[in-house]
Amino acid sequence: MKKALFFIVIVVMMAACARVDHSHNSGVSLLSQAQLLTMTQHDGYIVATIDNPWGSGTLGTYILVPDTIAMPDSLPQGSVVRTPLRNALVYSAVHTSILAELGAGACIKGITDAQYMADSAIVARLQAGEVADCGSSTNPTLEKVIEMSPDGILLSPYQENNYGCVTSLKTPLIMCADYMETSPLGRAEWIKFYGALVGKPQEADSIYNNVANTYNRLKTERAAQTATHPKVLTESMISGTWLVPGGKSYMARIIMDAGGRYPWTDDNHSGSLTLDFNQVLAAAKDADVWLVKSFNIKTYADLKSAYELHDRFDAFKHRKVYVCDTSGSHLFERFPFHPDVLLQEYCNIFDGRDTDLIFFTPCM
């Protein structure tokens, strides 16, 4: 009798444990396009997991619990983040921009690399002392970070995983690895993660749905209507190297969705490729269109002055170079979560329509 009772207790305990584990592992998925990010809605919290794009395992798991409810008695393993964030340290202008678009710009109380922030509202708040300048993103000033006491640090991870002094803090380090996604809509869908962090999930859903609908419509129309598929070269030679998007990057995907042929489409990298001049020349000498992002190139003379062999490419000879002036453009802040805008621009360029361009202009 005692043995039977003992086994019944064990079975009940195992069943209870199984129910707890099941509650943590089940949930409603909130994403469909992102490859590196998963989000599941549970009763009272969201679990967000970011995969490591450079290897196995994860960069982080975050348990997002609204601060309007009591902390649940049982939570899965991960960094607990009370939402909405109200006192965030944000490393990148890309993410300050999307938080502002979500209507949560007020939660940004600290930034790094202030000299590269182009957003006028952030600059004004920085000058007024409402936003702390925490120094360099590679190694922020610890005293400044401690003084602002952030409830979340949004940083862009990289392969070496060395984030300086902030790793000594108990503040959740939120790995914004969206830039390593392999599709434009996959990256754009991360807006739902940022929306959840700042208590703006409906706004995030609305923005993403509009972007996805427009992107898919443009992609379908382009595929159905065009018979031209220009070969497209990007970037330029800088300090002895030429960085181009990998063949599985979202930038390569936008070019192909706009009807372009990309020279490195067979490459399997989602990040950038570091090439020398001869490698680029061999693959893209006959490029029909050349897209250059630079703060100091506006003319063909500038392009040749930057590297004298730039004139070897057909796009240079045929005057089919388009330049984005990164010193004044909001390209980097806008297109990651609005790839539909860049897709439209590429469609216009590839069709020879030079009017109504937002980011690029014909090289002079």
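Which backbone oxygen lies 2.7 Å from a polar atom of the side chain of N87? That oxygen belongs to S149. Keep in mind that this is a predicted model.

**Around N87**
- You'll find N87 in a loop, with β5 (79-83) on one side and β6 (88-90) on the other.
- N87 has a relative accessibility of 18%, so it counts as buried, the cut-off being under 20%.
- Leaving aside residues up to four places away in sequence, N87 touches C107 and K109, plus M148, S149, P150, D151 and G152.

**Helices α7 and α8**
- The axes of α7 (residues 201-225) and α8 (residues 250-257) come within 9 Å and cross at roughly 50°.
- That makes the two helices, α7 and α8, oblique to each other.
- On the α7 side the contact is made by Y215, K219 and R222, and on the α8 side by R253, I254 and D257.
- Sorted by type, the residues of this α7–α8 contact are four charged, two nonpolar and no polar.

**Cysteines**
- The disulfide count is zero, going by a sulfur-to-sulfur cut-off of within 2.5 Å.
- For C134, the closest cysteine sulfur is in C165 at 9.3 Å, which is too far for a bond.
- C134 is buried, because its relative accessibility is 0%.
- For C363, the closest cysteine sulfur is in C324, and at 13 Å that is also too far for a bond.
- C363 counts as buried too, because its relative accessibility is 8%.

Terms used: Residues are numbered from 1 along each chain as its sequence is written. This is a predicted model: local features need pLDDT of at least 70, side-chain atom pairs count only at pLDDT 80 or more; totals for chains, interfaces and linings use all residues. Side-chain values use heavy atoms; hydrogens and water are left out. Helices (H or I, at least four residues) and strands (E, at least two) are DSSP runs, numbered from the N terminus. Buried means under 20% relative accessible area, exposed over 50%, partly exposed in between (1.4 Å probe, protein chains only). A polar contact is a pair of N or O atoms within 3.5 Å; within protein, one must be able to donate a hydrogen and the other to accept it, and residues adjacent in sequence count only if both atoms are side-chain atoms. Contact means heavy atoms within 4.5 Å. Axes are lines fitted to C-alpha atoms, for helices over the stretch in contact, and angles run from 0 to 180 degrees between N-to-C directions. Angles under 35 degrees count as roughly parallel, over 145 as roughly antiparallel, 65 to 115 as roughly perpendicular and the rest as oblique. Ala, Val, Leu, Ile, Met, Phe, Trp, Tyr, Cys and Pro count as nonpolar, Asp, Glu, Lys and Arg as charged, and the others, Gly among them, as polar.
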